[in-house]
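Welcome! Here is a guided walk through one protein chain, taken a piece at a time. Keep the structure open beside the text as you read.

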Amino acid sequence: MPEFELTASPSPEELAAITDALAAFNTGDVGPSDRRSLAVLVRDTDGQVTGGLSGFTAWGWLFIQMRYLPEALRGTGVSGKILAKAEEEARARGCRGAWIDTFSPQALHAYRRQGYEVFGELEDFPQGRIRSFLRKSL
């Protein structure tokens, strides 16, 4: 019988045991993911990163994990430009779609302006908000 341990601080090796096994299973089930990191960095005049997006491409899709812009850049069109750069690279990598999730009403509006459409929602995640899942064909 297996033993169970609940922990809030698994080691990198313990996490790797799970992720490596899952990656091997998925490769056998649906083929290799060709997972590659992708980031679009926004730098200030001193060269410091002040925002941007990060994510990865895998199985022909771009997943945008994080996107942040400082207040001074919001509403200036920078968001659309960094999304476009990420999408352009995803297309070059052979991706056919992109997806992202957000619980920010402002970000939801920005993604819709860039052609993303909602394909799912979770209410009260976080409480009082709706987490929207969006996709876009590339």
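G60 is buried, because its relative accessible area of 17% falls under the 20% cut-off. In this predicted model, G60 sits in the loop between β2 and β3. Which residues does G60 contact, once its neighbours within four places in sequence are set aside? They are G94, C95, R96 and G97. For R96, the C-alpha atom lies 5.7 Å from that of G60, although 36 residues separate the two along the chain.

Now step back to see the whole chain. It has 138 residues, and 30% of them count as buried. Its secondary structure amounts to 3 helices and 6 strands. Read from the N terminus, the elements follow the order α-β-β-β-α-β-α-β-β. Along the principal axes, the C-alpha atoms fill a box of roughly 60 × 40 × 35 Å. Take the contacts between residues at least 6 apart in sequence: 50% of these join residues at least 24 apart.

**The sheet**

How are the strands arranged in the open sheet? The order of its 6 strands is β1-β2-β3-β4-β6-β5, and the pairing is mixed. At the edges are β1 and β5 (117–123), each of which pairs on one side only. On average, neighbouring strands of this sheet are turned by 20 degrees against each other, with direction ignored.

Strand β6 (residues 130–137) pairs with β4 in the antiparallel sense, over 6 bridges. The strands β5 and β6 also run antiparallel, and 6 bridges join them. These two form a hairpin with 6 residues between the strands, where D124 takes a positive phi near 60 degrees.

Helix α2 lies across β1, β2 (49–58), β3 and β6. Relative to β1, α2 runs at about 150 degrees.

**Two buried strand residues**

S132 is found in strand β6, and I64 has its place in strand β3. Is S132 buried or exposed? S132 counts as buried, because its relative accessibility is 2%. I64 is buried too, with a relative accessible area of 1%.

Leaving aside neighbours within four places in sequence, S132 is in contact with I100, D101, T102, L108, V118, G120 and E121. Counted in that way, the contacts of I64 are L53, S54, G55, L83, W99, I100 and Y116. The C-alpha atoms of I64 and L53 are separated by 7.0 Å, and these residues are 11 apart along the chain.

| Residue | Location | Relative accessible area |
|---|---|---|
| G60 | loop between β2 and β3 | 17% |
| I64 | strand β3 | 1% |
| S132 | strand β6 | 2% |

**The nonpolar core**

Next comes the largest nonpolar core, a group of 20 residues. Which of them touch the most other members? They are L53, L62, I64, I82, Y111 and Y116. The elements that give two or more residues to this core are β1 (36–43), β3 (61–68), α2 (78–92), β4 (97–102) and α3 (105–113). With 5 residues, α2 supplies the largest share.

Y116 shows how such a core member is surrounded. Not counting residues up to four places away in sequence, Y116 touches I64, L83, E87, A98, I100, Y111, L134, R135 and K136. Two of these partners, I64 and Y111, are themselves among the core residues that touch the most other members.

**The largest pocket**

Finally, look for the largest pocket, which holds about 550 Å³ of space. How many residues line the largest pocket? There are 27, and R67, S104, Q106, A107 and Y111 lie nearest its centre. The elements that give two or more residues to this lining are β3, α2, β4 and α3. The largest share, 6 residues, comes from α3. Y111 links this part of the tour to the previous one: Y111 lies among the lining residues nearest the pocket centre, and Y111 also belongs to the largest nonpolar core.

Technical notes:
Residues numbered from 1 in each chain as written. Predicted model: local features only at pLDDT ≥ 70, side-chain atom pairs only at ≥ 80, totals over all residues. Heavy atoms only, no water. Core = buried A, V, L, I, M, F, W, Y, C linked by side-chain atoms within 4.5 Å. Buried < 20%, exposed > 50% of the residue type's maximum accessible area, 1.4 Å probe, protein only. Helix = DSSP H or I, 4+ residues; strand = E, 2+ residues; numbered from the N terminus. Contact = heavy atoms within 4.5 Å. Pairing = 2+ DSSP bridges. Axes fitted to C-alpha atoms, helices over the stretch in contact; angles between N-to-C directions. 1 Å grid on protein atoms, 1.4 Å probe; cavity = no way out; pocket = protein on both sides within 12 Å on 5 of 7 lines; lining within 4 Å. Points joined across faces, edges and corners; volume = space filled by probe spheres on them.
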